[in-house]
Amino acid sequence: MEIIRSNFKSNLQKVYQAIEEADFFAIDGEFSGISDGPSVTALTNGFDTPEERSSPDVKFVCQSSSIDFLASQGFDFNKVFRNGIPYLNQEEERQLREQYDEKRLQSNGAGTLSYVSPNASKCPVTIPEDQKKFIDQVVEKIEDLLQSEENKNLDLEPCTGFQRKLIYQTLSWKYPKGIHVETLETEKKERYIVISKVDEEERKRREQQKHAKEQEELNDAVGFSRVIHAIANSGKLVIGHNMLLDVMHTVHQFYCPLPADLNEFKEMTTCVFPRLLDTKLMASTQPFKDIINNTSLAELEKRLKETPFNPPKVESAEGFPSYDTATEQLHEAGYDAYITGLCFLSMANYLGSFLSPPKIHVSARSKLIEPFFNKLFLMRVMDIPYLNLEGPDLQPKRDHVLHVTFPKEWKTSDLYQLFSAFGNIQISWIDDTSAFVSLSQPEQVQIAVNTSKYAESYRIQTYADYVGKKHEEKQIKRKWTEDSWKEVERKRLNTQCISYALQNHYHHANSLTSTSTVGKRNLSPSPAEADLETRISGEISDTELEQTESCAESLSEGRKKAKKLKRMKKELSPAGGLPGSPAKLFEVPDTW
């Protein structure tokens, strides 16, 4: 079934029902770009660490090679932009809801910019001089409307957003009852205000209608994110083939930007999708590795139709014709997801043949497949086969690998020439002036390092030295960044909390009945301000100083908590935990 923008809302309940009834989900995405730079090989390296391979990419990439590939596969780009379903991530949704709430408060006369206090509903609005004539004319028209026995509505001329805001704020205190104010759009998308004479009951009814319409518009804007949230909240198994990019894009687009730290990414991902399974990793692991030669999706699907596998029989629901594997539609996301699901079923059922007695059908909840959970295949990484979302990643020795730096004009042939005495080597370029070189024997490494001690045009170091130096630089940079921000935060908190203490001091000393407002201040106060604070701080009591300290603690702690993902974890974690300990019949090996 094809769901696009025009039929999304009408079919959303069917989608929810399908999510409720499903045993597992298979996903696949088609990307307009997967890297940013001159080439994929320049950005992906055979000796990347999992953290480097999972680094976030916040750009929208329109990569010519990806576009060309999708076009060659019959991808309809017009459908994406004309019929694509809108979506928001969680932060965008939160901001949009806040905007709706703010607009509603302003229209009710309680906006934060309208009044000093929400209780001061009779207080007139401060209107700029250049807008007074405009507002006076609006008020005059409304007075005429209220006096008229014939007219019930008044359409004001289209005006700016700022002018509409002034109108709302003015009318909310000047005419608290008897009128209803609403903003509409012309065919040219120009916004104007309509004012209607209504009694209180009719006004409330219209306000409720308006609120319901706003909520519907907001839900429409959230769009396809609602489907992803439903899948995540179900806690059911989500399957993909070579799915790391699919997972990263899904989390980034529908939840929040990807963190720079790998462990935070793992925590966030398992929070959104508690159970993931990568069929490419599954097919590359025992007991499948010895009987499956090619793990590309198309070839895997063909191999799993043959002995010793037994392909599942698929029956489509009435009115929902399925894909036909006899007619390939590869690189169409729906078809690729479909055959990914078929591949999973074939391999899962094959695992059942090892049981005694053998089992023909193995469900998505079976402990037989738990060893494959939350391990995502890492493409083009030589000795780390997968990213482990539930714990530390494999740490290969790489004692046969060298890191080489050289002039920019060097080519691959120059590197082969440099290491010609060491037999077979493998080169993985990092950038224009550096590369990893894998030697056939670890004992050759020190010999190669020694040969470069007196070289002028190139440098060779062991992989361990390279990683150690890189880690040291990262720690220094991180410490400098943390120390710098701590100092800035300390100064800001001290300034803010001294202001807080001064405010309390003046409040108690003068017995003021209204709270004064302390404005924003620079991190470095002027000499006069500093002198004033020094003199006054001597008069602040111990109790007030304690309040200052607790203020600093609470502000700092609040900002720390705001940066954490715990709130998202509470919102998204599905009810119930995962099954018990995984079965020991099959294990994803630490080394391949």
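Here is a walk through some of the salt bridges in this structure. What you see is a predicted model, where local features need pLDDT of at least 70, side-chain atom pairs count only at pLDDT 80 or more, and totals for chains, interfaces and linings use all residues. Residues are numbered from 1 along each chain as its sequence is written, and side-chain values use heavy atoms, with hydrogens and water left out.

The structure holds 17 salt bridges, each one a side-chain nitrogen of Lys or Arg within 4 Å of a carboxyl oxygen of Asp or Glu. Let's start with aspartate 220 and lysine 9, whose closest N and O atoms are 3.5 Å apart. Aspartate 220 belongs to helix 9 (residues 200-222) and lysine 9 to helix 1 (residues 8-21), so this pair links distant parts of the chain, 211 residues apart. Helices (H or I, at least four residues) and strands (E, at least two) are DSSP runs, numbered from the N terminus. Lys9 and Asp220 also sit in a network of salt bridges with Glu216.

How open are these two? Buried means under 20% relative accessible area, exposed over 50%, and partly exposed in between (1.4 Å probe, protein chains only). Aspartate 220 has 28% and counts as partly exposed; lysine 9, with 45%, is partly exposed too.

Next, look at arginine 365 and aspartate 23, which meet in a salt bridge at 3.3 Å, N to O. Arginine 365 lies in the loop between helix 15 (333-351) and strand 7 (375-377), and aspartate 23 in the loop between helix 1 and strand 1 (24-26), so the pair ties together parts that are 342 residues apart in sequence.

Finally, lysine 367 pairs with glutamate 370 at 3.9 Å between the closest N and O atoms. Lysine 367 is partly exposed at 36%, whereas glutamate 370 is buried at 9%.
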